[in-house]
Each structure stands twice: as structure tokens, then as C-alpha cells.
Amino acid sequence: QRLQKPTVVFVLGGPGSGKGTQCANIVQQFSYTHLSAGDLLRAEIRSGSEFGTMIQSTIAEGRIVPSEITVKLLCKAMEESGNDKFLIDGFPRNEENRIVFENLAKIDPAFVLFFDCPEEELEKRIMNRNQGREDDNLETIKKRFKVFVESTLPIVSYYESEGKLRKINAAKPSEEVFEEVKYVFASET
Ligand code: UP5
Ligand code: MG
């Protein structure tokens, strides 16, 4: 058991909004460890886990994996990292995610970064990405966006009401987005 609770920053935004890109920038300048919930779930599929097929079909449909699975993967990754500052990318995606994390990890985020970007731009970015992700096709992108609006935006509003939301205009070139991101981290730490 840790003596002091780790610092956690949640990084939210629609599919393709630049969460992974900006987290990679942040770790170069600030001493955080980047944990992408989606990457952890994809690694769990590859590891041959008993939940692999279920996770795979859930992601292929753009739906949200049961909270206990994702939260356990996040907690394990935090323990194994040796660090005490984390960017948790793409999580929590719904209220159940948020509550299960609160109950199991017992950590409240220091703040929540939110990458705001219109749907047409998200679609363009994902269709150009070409990394062979099974969910990067037009049909699944539409589903991912719908789930984002219905399940994740209410979480964004929740953190806004808690005064924890740091909203970033993500519909700009990556370098300009990072200028805004740096400003947030510089004023928080
Ligand atoms: N790009 C980035 N920034 C740009 C900019 N400013 N201008 C122009 N282009 C820009 O970026 C996407 C693409 O855009 C890249 O090619 C990039 O170069 C370019 P990226 O940084 O990858 O965006 P990101 O927001 O990380 O997009 P990603 O597709 O990873 O977001 P999702 O939220 O859809 O994916 P994630 O991996 O988080 O989740 C995938 C699925 O896993 C979910 O749909 C869900 O089924 C499941 N999941 C859960 O069930 N629970 C979880 O907790 C997490 C995931
Ligand atoms: Mg990502």
C-alpha cells in the first residue's frame, strides 16, 4: 500500500480528438506516466486473457467494456509503473467507470483535461490514421461518437460542475493544442 495517493489527471475527448498525441507530448515535459485505457484493453486482448474475446467484440462495436476490467488494468499499471503521477487517457467513459474507479482506486482526479473537437474533424483524423485498429472504420466511428455523446459527455459535465474541467480547443494543429495544454499544466503544478 502506498503512503501517499498518486496524482491522477483524466484525459477525455471524442474518438480521435488527440488524447494519445497530446499525452505523448505531456510526458516529454512533465513527469507523468501515460496510461491509455484503450491501449491496456487492446493489450489484454493480445495477452490471451479469458476476457479477450468479450473485450474485442465490445471495442469492435464501440461500446464500453465492463468497468471492473478496465479499472483493474489501470490499478495494476499504476502499481507496476513506480511513478506517482498519471495521465489516464480515455477513461472514465461513463458514470459507472467513474464510480468503480472511485471505489476501487480511491483516487479523485486532480483535474480533467477535455479535448473539444467537432465530429467531422474527428472522423477525418481517424480515417487518416491507418494503424489497423479494428474500430477505425466509418461505421464503428459513428457508434463510438454516439457512445461518447450519450455516456461520456455527462461525465465531462459532472467534472465541470465540480470545477475540475480544463477544456481545450482541440480542432487546431497539434502544436497549437499543445501550447494550450502546457499552459494548463504549468498553472496546475
Ligand atoms: N491528430 C492528433 N491531433 C491532431 C491535430 N491537432 N490535428 C490533426 N490531426 C491530429 O489522434 C487521432 C489521429 O489524429 C492520429 O492519426 C493523430 O496523428 C491525428 P490520437 O492522438 O490517436 O487521438 P485519440 O483521442 O487518442 O483517439 P483514439 O481513437 O485513441 O480515441 P478513442 O477514445 O476512440 O480510443 P480509445 O483507445 O480510448 O478507446 C477505444 C475503445 O476501447 C472504445 O471505443 C471502447 O470500446 C474501449 N474502451 C473502453 O471500453 N473503456 C475505456 O476505459 C477505454 C476504452
Ligand atoms: Mg488514443
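1. Conventions. The model is predicted, so local features need pLDDT of at least 70 and side-chain atom pairs count only at pLDDT 80 or more, while totals for chains, interfaces and linings use all residues. Residues are numbered from 1 along each chain as its sequence is written, and side-chain values use heavy atoms, with hydrogens and water left out.

2. Position of S31. S31 lies in the loop between α1 (19–29) and β2 (33–36); helices (H or I, at least four residues) and strands (E, at least two) are DSSP runs numbered from the N terminus. Its relative accessible area of 49% makes S31 partly exposed (between 20% and 50%, with a 1.4 Å probe and protein chains only).

3. Partners of S31. Beyond neighbours within four places in sequence, S31 is in contact (heavy atoms within 4.5 Å) with N83 and K85. The side chains of S31 and K85 are joined by a polar contact of 3.3 Å (a pair of N or O atoms within 3.5 Å; within protein, one must be able to donate a hydrogen and the other to accept it, and residues adjacent in sequence count only if both atoms are side-chain atoms). D84 is 53 residues from S31 in sequence, with a C-alpha to C-alpha separation of 9.2 Å.

4. Lining of the largest pocket. α2 gives the most to this lining, with six residues. The lining residues divide into 14 nonpolar, 18 polar and 13 charged (Ala, Val, Leu, Ile, Met, Phe, Trp, Tyr, Cys and Pro count as nonpolar, Asp, Glu, Lys and Arg as charged, and the others, Gly among them, as polar).

Note on methods. Chains are lettered from A and ligands numbered from 1 in the order in which they are written.
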